[in-house]
Amino acid sequence: MRKEFYINISKKFSVLVLIFLLSACSRTTIITYNIPLYEYPSDWKDIAVREKTIAEYSKYLIGRKIFLDPGHGGDDRKNKNKKGDVIEADVNLHVALYLKKNLEASGAKVNISRMKDTTIALADRSVLANNSGAEIFVSIHHNAPAKTEDDYTNYTAAYYHAGENNYEFEPCSHDIAKYIERDLSYVMRNPIGLGSFDGTYSDYNIYPGEGFSVLRKTIIPAVLIECGFHTNHLEETRLNNDEFNQIQAWGIFRGLAKYFKAGKPEISFIQDSSKVGNNSLKISFALKDSTGINPKSIQVFINKEEKGFMFDNASNVLSVNVNDVKPGEYIIRVIAANKNGNHSFPYYKKILVSDSFSPELEN
Ligand SMILES: [Zn+2]
């Protein structure tokens with residue numbers, strides 16, 4: 001009797017557990033289908049608002065020359081998700097073409113390494129960019145984790161070349177990376193990864209002492225974006241969606257527009273041969289920026305060695321004195337940031353000092 005009672009209870013309990021599990025499963029299924037894959041940026045969803053935004057940003061982008069590089073393509077189509085239906089080369093191209101469209105609509109001039117699924121060698125991408133007359137280089141990629149079984153990792157990252165103590169490092173590339181990263185990760189609703197506080201990374205993190213060759217060999221300010229991970233189980237669905245690719249392009253476009261809106265100092269050489277002495281050289285540069293120059297940001301290098309200088313806040317003139325100058329060739333590099341924190345584009349001045357100590361100045 002007592003035993004039967006327990007059996008009855010146990011049977012009833014089993015039925016309850018079954019009902020609970022079924023309801024839990026069905027609830028899970030409904031929740032899964034209700035998760036939005038992406039959201040519409042408020043300045044993109046409505047076409048009239050989108051066009052107004054493009055017109056607003058054209059003030060900062062008109063005439064700008066930008067080189068876009070959709071990564072991989074042609075013979076290089078090996079990076080894909082596990083199912084094999086999300087191919088990185090294709091996603092990169094879709095995003096780049098939508099970005100090109102937005103930039104051109106705002107008056108920028110765009111060069112691109114490929115318009116379709118063609119093979120372009122890595123070294124050729126830098127050569128194309130360097131010869132294009134473009135001001136900046138933006139390479140577009142999607143990422144994969146080191147372990148193939150990892151379908152969890154996902155974040156947006158923007159890379160710039162090299163470490164801060166490296167002479168080749170150009171802080172303006174880091175500035176561009178910051179602006180793109182902020183707006184791209186925001187529209188994608190992606191995190192920025194745990195290896196950085198703002199989602200920007202030196203390419204030395206991946207290849208210590210070398211960085212990415214496409215960034216190292218490109219002489220104009222350059223960034224490489226890893227928009228997301230095509231191996232992530234949710235991201236792979238979004239990346240194959242044309243509308244989502246347009247939203248990604250919108251994020252990069254907005255980042256670039258805001259970067260140029262924040263401006264950057266322009267540096268020009270002031271020739272002043274009267275200041276040339278027997279064994280010392282005084283050279284001056286004019287620093288120009290509508291927001292003002294941050295004097296603490298200024299750095300001067302002569303043949304890779306950092307040197308002291310004088311900066312006059314009123315006239316924005318930077319003066320460099322070099323003592324005990326021997327005949328030879330000197331490369332002077334000047335870096336300055338404006339009050340929005342944006343750094344000047346790479347500025348180098350070559351000076352030839354002859355035996356008679358009449359410096360020949362070259363651009
Ligand atoms: Zn790639």
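A residue is called buried if 20 or more other C-beta atoms lie within 10 Å of its own, exposed if 12 or fewer do, and partly exposed in between, with C-beta atoms placed from the backbone. Glutamate 236 is buried because 22 other C-beta atoms lie within 10 Å. The structure is a predicted model, in which local features need pLDDT of at least 70 and side-chain atom pairs count only at pLDDT 80 or more, while totals for chains, interfaces and linings use all residues. Residues are numbered from 1 along each chain as its sequence is written.

**Overall composition**

- The protein contains 8 helices and 15 strands; helices (H or I, at least four residues) and strands (E, at least two) are DSSP runs, numbered from the N terminus.
- Of the 363 residues in the protein, 37% are buried.
- Two residues are in contact if their C-beta atoms, placed from the backbone, lie within 7 Å. Among the contacts with a separation of 6 or more, 72% join residues 24 or more positions apart.

**Glutamate 236**

- Glutamate 236 belongs to helix α7, which covers residues 235-239.
- Leaving out residues up to four places away in sequence, glutamate 236 touches Asn81, Val86, His230 and Thr231.
- Glutamate 236 and isoleucine 87 are 149 residues apart along the chain, and their C-alpha atoms are separated by 9.4 Å.

- Two strands pair if DSSP finds at least two bridges between them. An open sheet of 6 strands, with mixed pairing, has the order β2-β1-β3-β6-β4-β5.
- Strands β2 and β5 (200-202) are at the edges with a single partner strand each, so one side of each has no neighbour in the sheet.
- Axes are lines fitted to C-alpha atoms, for helices over the stretch in contact, and angles run from 0 to 180 degrees between N-to-C directions.
- Strand β1 (residues 65-70) is mostly covered, with 5 of its 6 residues buried.
- Strands β1 and β2 (residues 109-112) run parallel and are joined by 4 bridges; leucine 68 has isoleucine 112 in β2 as its bridge partner.
- Strands β3 (residues 136-143) and β6 (residues 222-229) are also paired in the parallel sense, over 6 bridges. The bridge partner of asparagine 143 is phenylalanine 229 in β6.

**The four-stranded sheet**

- A further open sheet has 4 strands in the order β7-β8-β12-β11, and its pairing is antiparallel.
- The edge strands, β7 (266-270) and β11, each pair on one side only.
- From one strand to the next, the twist averages 25°.
- Strand β8 (residues 280-288) runs antiparallel to β12 and is joined to β12 by 7 bridges; phenylalanine 285 has leucine 318 in β12 as its bridge partner.

**Nonpolar cores**

- A nonpolar core is a set of buried Ala, Val, Leu, Ile, Met, Phe, Trp, Tyr and Cys residues joined through C-beta atoms within 7 Å. The largest such core has 57 residues, and Tyr159, Ile180, Val223 and Ile225 have the most contacts inside it.
- Helix α8 supplies the largest share of this core, 10 residues.
- A second, separate core of 13 residues includes Ile267, Ile293, Leu318 and Val334.
- Apart from its neighbours within four places in sequence, isoleucine 225 is in contact with Val138, Ser139, Ile140, His141, Ala158, Ile180, Leu184 and Ile252.

**Packing of helices α5 and α8**

- Helices α5 (residues 171-188) and α8 (residues 242-262) pack at an angle of about 145°, and their axes are 7 Å apart.
- The residues of α5 that meet α8 include Ile180 and Leu184, and those of α8 include Ile252 and Trp250.
- The contact of α5 with α8 has 12 nonpolar, 3 polar and 5 charged residues. In this classification, Ala, Val, Leu, Ile, Met, Phe, Trp, Tyr, Cys and Pro count as nonpolar, Asp, Glu, Lys and Arg as charged, and the others, Gly among them, as polar.

**Positive phi values in loops**

- Most residues other than glycine have a negative phi.
- Asparagine 303 has a positive phi, near 45°, and is found in the loop between β9 (293-302) and β10 (305-307). Asparagine 303 counts as exposed because it has 12 C-beta neighbours inside 10 Å.
- Asparagine 316 has a positive phi, near 60°, and is placed in the loop between β11 (310-312) and β12 (317-323). With 17 other C-beta atoms within 10 Å, asparagine 316 is partly exposed.
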